[in-house]
Amino acid sequence: MMNKYSIRKNKDIIFGVFLFLLGLMFSIETIAQKTMIRVSIDSSSILIGEQTRLHLEVVSDKGSVLQLPYLKDTIMAGIEIVETLKLDTVDLGNNRLMLKQYYLITSFDSALFLLPPFMVIDALVSIYSNVIGLKVSTLPVDVETQNFYDIKNVISPDFVWTDYLIYLYIFISLAILLGLGFYLYSRYKNKKSLVPFKKRAPVLPPHILAIRELDHIKAQKLWQQGKQKEYHSLLTDALRKYIEDRFGVSALEMTTSEIVDALASSPEISSVKNDLKQILVLSDYVKFAKFNPLPDENDLSLRNAYLFVDSTKRAVEEVPGNPLPQEDSKESVAALKNKQN
C-alpha cells in the first residue's frame, strides 16, 4: 500500500510541474507575440563618408516596460553613429503603441557589413530584430578616360602679416625689458634710487603762509573798490586759518566769541587779544549787519592782522627758497609798533 501511495504522489508532483512549465512557455510565447522589433535602412549601399538613416521600430502593448537598445557612438566596428534622432511614439489603436527610433549612420571603411540584430527586453523576455546588411563602396576610378599627373611641388602660402604678430609682441617685450634693465643699471651705477620719486615740497610755517595771504589781500585793494564784505571775509578767513594751524583750534568753524574764548588761556596773545577781537567783530558787522566801515577802520583791520601774526608766530628757521614777508608788510608791522609806543 505504501508503495502505491508513493507512486501516485510522485505522479501528481510530476504532473503539476509539467503544467507549470507548460503555462510558463505559453506566457513567454504570448509576450513574444505581443512585442515585435523591426530594423530597416534607407539605403543599403552608400559611398565612403555618406550618411544614411537606420530605423528601429518596436510595437508593444501600452504599459509594457521595455528596455530599448542603447547605442552611443557605434553600432559595430566600422559603422559610426553620426546623430541619434528623437524617439517618436505612434498610437496604433487596440491598446498598441509603436516606438520609432532613428539613427543617422556612416562608415569610412569599404566593406559589406552585416549589422547584428538589435535586442529589446520586455519584462524578462529578450526579443531580437531582423538582420540587415550595409555595403560601403569607394569612389570608382576611371582609368581609361582620366589623365594622371605627377605630384605637384609644395606651394608657399601667401604672406599674411597677422601671422607674425606673436614675433612682434616678443620683440616689443624684449625691447621694454632691455630698456628697463639699462635704466635700473644706470641709476644703480650713479647711486641713485631705483624708483624715482618727487621730493616733497617743504611745509612753510603758518605765519609765512598767513603773511603771504595778507599781502595778496592788500594788493587786491578790495575795500577801495567798494567790496567791503569780500575784503573782510578774506581777511578773517586768512586769520582763522593761521589760528587753526598755529594753535590747533578749529577757528574756521567757530564764531568770534568762541575763538576769543579758546585763545584766552594762551599767554602769547595777551598783548594782541584786543587787536584780534577788533578784526573779527568789525568783520561780523560788515558781513551780517551790512555795516559800512570808514577807510581808517578797514586799514586798521589789515594792520592788526599783520601785528597779530607777527606777535604770535613761532620762532622757526627760514626755509630755503621760501622768502620771509615782503618789506612793505614788515614796515606795516614796525610802523604800528612805533605808533603804539
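In the predicted model, Phe159, Tyr164 and Tyr167 come together as one aromatic cluster. Within the structure as a whole, the count of aromatic pairs comes to 4. One of these joins Phe159 and Tyr164, whose rings are stacked, with 5.3 Å from centre to centre and an angle of 20° between the planes. Phe159 is exposed, because its relative accessible area of 63% lies over the 50% limit. Tyr164, by contrast, counts as partly exposed, with a relative accessibility of 44%.

Another aromatic pair, formed by Tyr285 and Phe291, is edge-to-face, the ring centres being 6.2 Å apart and the planes standing at 65° to each other. Tyr285 counts as partly exposed at 45% relative accessibility, and Phe291 is likewise partly exposed, at 36%.

Aromatic rings also take part in arrangements with charged side chains. The charged end of Arg246 is placed over the ring of Phe247, at 4.7 Å from the centre of that ring, while Arg53 lies over the face of Tyr102, with a distance of 4.9 Å to the ring centre.

The largest nonpolar core comprises 28 residues, of which Leu214, Ile243, Leu263 and Phe308 touch the most other members. The elements that contribute two or more residues to this core are helix H3 (206–220), helix H4 (228–247), helix H5 (256–263), helix H6 (273–288) and helix H7 (295–312). Among these, H4 gives the most, with 7 residues. When neighbours within four places in sequence are left aside, Leu214 is found in contact with Leu235, Ala238, Leu302, Ala305, Tyr306 and Val309. Apart from this core lies another, made up of 23 residues, which include Leu56, Ile75, Phe118 and Ile132.

Leu56, a member of the 23-residue core, is also one of the residues touched by Lys100. Lys100 itself is located in strand E8, which spans residues 96–106. Not counting residues up to four places away in sequence, the contacts of Lys100 comprise, besides Leu56, the residues Glu57, Lys86, Leu87, Asp88 and Val90. For Lys86, which is 14 residues from Lys100 along the chain, the separation between the two C-alpha atoms is 8.7 Å.

Definitions and conventions:
Residues numbered from 1 in each chain as written. Predicted model: local features only at pLDDT ≥ 70, side-chain atom pairs only at ≥ 80, totals over all residues. Heavy atoms only, no water. Helix = DSSP H or I, 4+ residues; strand = E, 2+ residues; numbered from the N terminus. Contact = heavy atoms within 4.5 Å. Core = buried A, V, L, I, M, F, W, Y, C linked by side-chain atoms within 4.5 Å. Buried < 20%, exposed > 50% of the residue type's maximum accessible area, 1.4 Å probe, protein only. Phe/Tyr/Trp six-rings, centres within 6.5 Å; stacked < 30°, edge-to-face > 60°. Lys NZ or Arg CZ within 6 Å of the ring centre and 35° of its normal.
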